[in-house]
Amino acid sequence: MMTLCEKCMERLGTGTIGDCVVCGNVLDRIDEITDRILEKIEDYEFESFDVGMRLYGSINSMMGFLKEKYGIEDDLKDALRRELVKAISSKTGKKREIGGDIGIIFCPEDLSFQINVKSVYIYGRYIKRVRNLSQTRWICRNCMGEGCEVCNFEGRKYLSVEDLIINPAVEIFQGDNGFLHGAGREDVDARMLGAGRPFILEISKPKKRSVNLSMLEKAINEMAGGKVEVRLISYASTRDVPKIKNARFQKVYRAVVKFRGDVDEEDVVRALNELKNTIINQRTPKRVMHRRADRVRKRRVYGAELILMKGRTAVVKIHAESGLYIKELVSGDDGRTKPSLAELLGVECYVEKLDVVAVLGGLEDGNLKYNPSAFMDQRR
Ligand SMILES: [Zn+2]
Ligand SMILES: [Zn+2]
């Protein structure tokens, strides 16, 4: 006859009370284990939790033995999980939920546990009013972020939208770190205007989870001092991150174009008209070749119009498919982008200043307004 603890005896319907050969009396220590777990998470705000088990094998072989020797089908892992959930729930008043705010992985074999605090996600849009601001953190390569003379002891090459948004958010949520997941990115020297670019802000290991978003929005906007402005729209989930990162929203740009020769306004209008509703063949631009594979991408220009022209300077508005490089659409990039404004005009030209004035899509409708795959078929 096996000796078992009370709980295992009840569950298995056999045995005599004694040192438990099935659970090693872990089930008698649930209360103490729960207290140890709660001590570790007492600083974290949470509404739900989940308990998982990690086994190294001795419990599995015990289950195999029970089945073989006594014909008993037991699931100790599940019994342990149920007991822990019950104890944590009753001590905290919080509910168990798959993928809850706090994940507890318990190992019954050495009574160790691991705590995973789920990140907080917030959906919003940012406006970038200044140039020479990177979207994501751009550390100084000379010192790898340590701070050196090259980077003026800032540890970074450019200040970033991410720094400006993340710093107040991490502080307010009392998190470990933060990340900005943008729906695409503008060039460092381009501004992002209009209604802003959709993003998901992620704060890892937050101690607070229910921060008033308008308060956070105000804090970010104050700290950013007009360089960046955010609108925080709603709390989001981890599933929204790929939706935003993989989104292929159409964009509208405003570019200040400089011509290296005299051009007639009518010719510019005609060339822009020719670009309208045209598929552009674009080889990876020379300026990004060092970090992107050299290939030809096909992207559509939906609209192109002249806003203003004065001498050898024009302001143009371009509505394009996601992924089209606008600077190269204008300059032609030594024939790597075809057709281009320069090619159609027969005059060298380049973008002096670039602004993104609209990113057409977002999660506001609970849905992507633009289906990423919808454009794929039209590309040839
Ligand atoms: Zn037991
Ligand atoms: Zn440095």
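**Local and overall features of the predicted model**

G145 is partly exposed, because 14 other C-beta atoms lie within 10 Å of its own, a count between the limits for exposed (12 or fewer) and buried (20 or more) residues. The model examined here is a predicted one. G145 is located in the loop that links β8 (138-139) and β9 (156-158). When residues up to four places away in sequence are left out, G145 touches I139, C140, G155 and R156.

M144 counts as exposed because it has 10 C-beta neighbours inside 10 Å, and the limit for an exposed residue is 12 or fewer. The phi angle of M144 is near 50°, a positive value in a residue other than glycine. Most residues other than glycine have a negative phi, and most peptide bonds are trans. A further positive phi, near 55°, is found at N277, likewise a residue other than glycine. N277 occupies the loop between α8 (265-275) and β14, and N277 is classed as exposed because it has 11 C-beta neighbours inside 10 Å. A cis peptide bond runs from K338 to P339, with omega near -10°. P339 belongs to the loop between β17 (337-338) and α10 (341-345).

Confidence in the prediction was considered next. The mean pLDDT of the protein is 92, and 96% of its residues reach 70 or more. Over residues 368-380, however, the pLDDT is below 50, although this stretch has 18 contacts in the model beyond near neighbours in sequence. Where pLDDT is low, the predicted coordinates should not be read in detail.

At the level of domains, the protein is divided into domain 1 (3-116), domain 2 (120-245) and domain 3 (250-360). The centres of domain 1 and domain 2, taken over C-alpha atoms, are separated by 40 Å. Contact between these two domains involves 5 residues of domain 1 and 4 residues of domain 2. On the domain 1 side, the touching residues comprise 2 nonpolar and 3 charged residues, with no polar ones.

The largest nonpolar core contains 60 residues, of which I165, A255, I318, I326 and V330 touch the most other members. Domain 2 (120-245) and domain 3 (250-360) each supply at least three residues to this core. Apart from it lies another core, made up of 22 residues, including I33, L80, I102 and I104. A255, one of the residues that touch the most other members of the largest core, is in contact with V316, I318, I326, V330, V351 and L354 when neighbours within four places in sequence are left aside.

The pairing of strands was then examined. Strands of a sheet pair through backbone hydrogen bonds, either parallel or antiparallel.

Strand β15 (residues 296-310) has antiparallel pairings with both β14 and β16. With strand β14 (residues 278-283), β15 forms 6 bridges, and Q282 has R297 of β15 as its bridge partner. With strand β16 (residues 313-320), β15 forms 8 bridges; here A304 has I318 of β16 as its bridge partner. I318 is also among the residues that touch the most other members of the largest nonpolar core. In the hairpin of β15 and β16, 2 residues lie between the strands, and G311 takes a positive phi near 60°.

Strand β18 (residues 349-360) pairs in the parallel sense with strand β11 (residues 191-204), over 2 bridges. In this pairing, V356 of β18 is the bridge partner of M192. With strand β13 (residues 250-259), by contrast, β18 runs antiparallel and is joined by 10 bridges. Q250 stands opposite L360 of β18.

Methods
Residues are numbered from 1 along each chain as its sequence is written. Chains are lettered from A and ligands numbered from 1 in the order in which they are written. This is a predicted model: local features need pLDDT of at least 70, side-chain atom pairs count only at pLDDT 80 or more; totals for chains, interfaces and linings use all residues. Domain bounds come from an automatic or database domain assignment. Two residues are in contact if their C-beta atoms, placed from the backbone, lie within 7 Å. Ala, Val, Leu, Ile, Met, Phe, Trp, Tyr, Cys and Pro count as nonpolar, Asp, Glu, Lys and Arg as charged, and the others, Gly among them, as polar. A nonpolar core is a set of buried Ala, Val, Leu, Ile, Met, Phe, Trp, Tyr and Cys residues joined through C-beta atoms within 7 Å. pLDDT is the predictor's confidence in each residue, from 0 to 100. Two strands pair if DSSP finds at least two bridges between them. Helices (H or I, at least four residues) and strands (E, at least two) are DSSP runs, numbered from the N terminus.
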